[in-house]
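Here is a short walk through the structure shown below. Take a look at the fold first, then read on.

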Amino acid sequence: EWSALTYTPSIPGANSLNISPNPSAGMIYLSFDNTKDKLKDIIIINTLGEEVTTITGVDKGYYAIDLSNISEGIYFVRCNFASGSVTRKILLQ
């Protein structure tokens, strides 16, 4: 299992952010405690720094994200909360 790329305890939603399964065959499930901080958007970024997928209008604490249409490899899931960003590394295989 991949560890967190960054850990920012000052962002309320950061401690409860969970992405599974990791590694994944295409579907990932993101969950966090949405009562602590507002999540503005979720951005999937490839290793070149390019945005692959952006999910906006996020207002719940659980998301199923289908990444089966992108190539295998390492990606970063950036969650932009009202108080800052949290990034986690995922592996698609």
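## Ground rules

A residue counts as buried when its relative accessible area is under 20%, as exposed when it is over 50%, and as partly exposed in between (1.4 Å probe, protein chains only). Ser 20 has 30% relative accessibility, so this residue goes down as partly exposed.

What you see is a predicted model, in which local features need pLDDT of at least 70 and side-chain atom pairs count only at pLDDT 80 or more, while totals for chains, interfaces and linings use all residues. Residues are numbered from 1 along each chain as its sequence is written, and side-chain values use heavy atoms, with hydrogens and water left out.

## The overall picture

The protein chain has seven strands and zero helices. Here, helices (H or I, at least four residues) and strands (E, at least two) are DSSP runs, numbered from the N terminus. Read from that end, the order is simply β-β-β-β-β-β-β.

Of the 93 residues in the protein chain, 40% are buried. The chain exposes about 5,000 Å², and carbon and sulfur atoms supply 48% of that area; accessible areas come from the Shrake-Rupley method with a 1.4 Å probe, and for residues only the protein chains shown count as cover. Among contacts (heavy atoms within 4.5 Å) with a separation of 6 or more, 56% involve residues 24 or more positions apart.

Two strands are said to pair if DSSP finds at least two bridges between them.

β1 and β2 are antiparallel and share three bridges. Asn 18 has Ser 31 in β2 as its bridge partner. Ser 20 sits in strand β1, which covers residues 18–20. Setting aside neighbours within four places in sequence, Ser 20 touches Ile 28 and Tyr 29. Its C-alpha atom is 8.7 Å from that of Ser 31, eleven residues away along the chain.

## The four-stranded sheet

Which strands make up the sheet of four? The order is β4-β3-β6-β7, open and antiparallel. β4 and β7 are the edge strands, each with pairing on one side only, and the twist averages 20° from one strand to the next.

β3 is mostly covered, with seven of its eight residues buried. It pairs with β6 over seven antiparallel bridges; there, Ile 42 stands opposite Cys 79 and Asp 41 stands opposite Asn 80. β3 also pairs with β4 (residues 51–56) over five antiparallel bridges, and Ile 43 has Thr 54 as its bridge partner in β4. These two strands form a hairpin with four residues between them, and Gly 49 in the turn has a positive phi of about 85°.

Over in strand β7 you'll find Thr 87. This residue is buried, since its relative accessible area is 15%. Thr 87 and Phe 76 are eleven residues apart in sequence, and their C-alpha atoms are 6.4 Å apart.

## The nonpolar core

A nonpolar core is a set of buried Ala, Val, Leu, Ile, Met, Phe, Trp, Tyr and Cys residues joined through side-chain atoms within 4.5 Å. The largest one has 20 residues, and those with the most contacts inside it include Leu 30, Leu 39, Ile 42 and Cys 79. At least two residues each come from β2 (27–31), β3 (39–46), β5 (62–66), β6 (73–81) and β7 (84–92). β6 gives the largest share, four residues.

Leaving out neighbours within four places in sequence, the contacts of Leu 30 include Leu 17, Ile 19, Ile 42, Tyr 63, Val 77 and Cys 79.

## One salt bridge

How many salt bridges does a search of the whole structure find? There is one, where the cut-off is a side-chain nitrogen of Lys or Arg within 4 Å of a carboxyl oxygen of Asp or Glu. The side chains involved are those of Glu 51 and Arg 78, at 4.0 Å from N to O. Glu 51 is in strand β4 and Arg 78 in strand β6, so the pair ties together parts 27 residues apart in sequence. Arg 78 is partly exposed, with a relative accessible area of 25%.

Definitions and conventions
Axes are lines fitted to C-alpha atoms, for helices over the stretch in contact, and angles run from 0 to 180 degrees between N-to-C directions.
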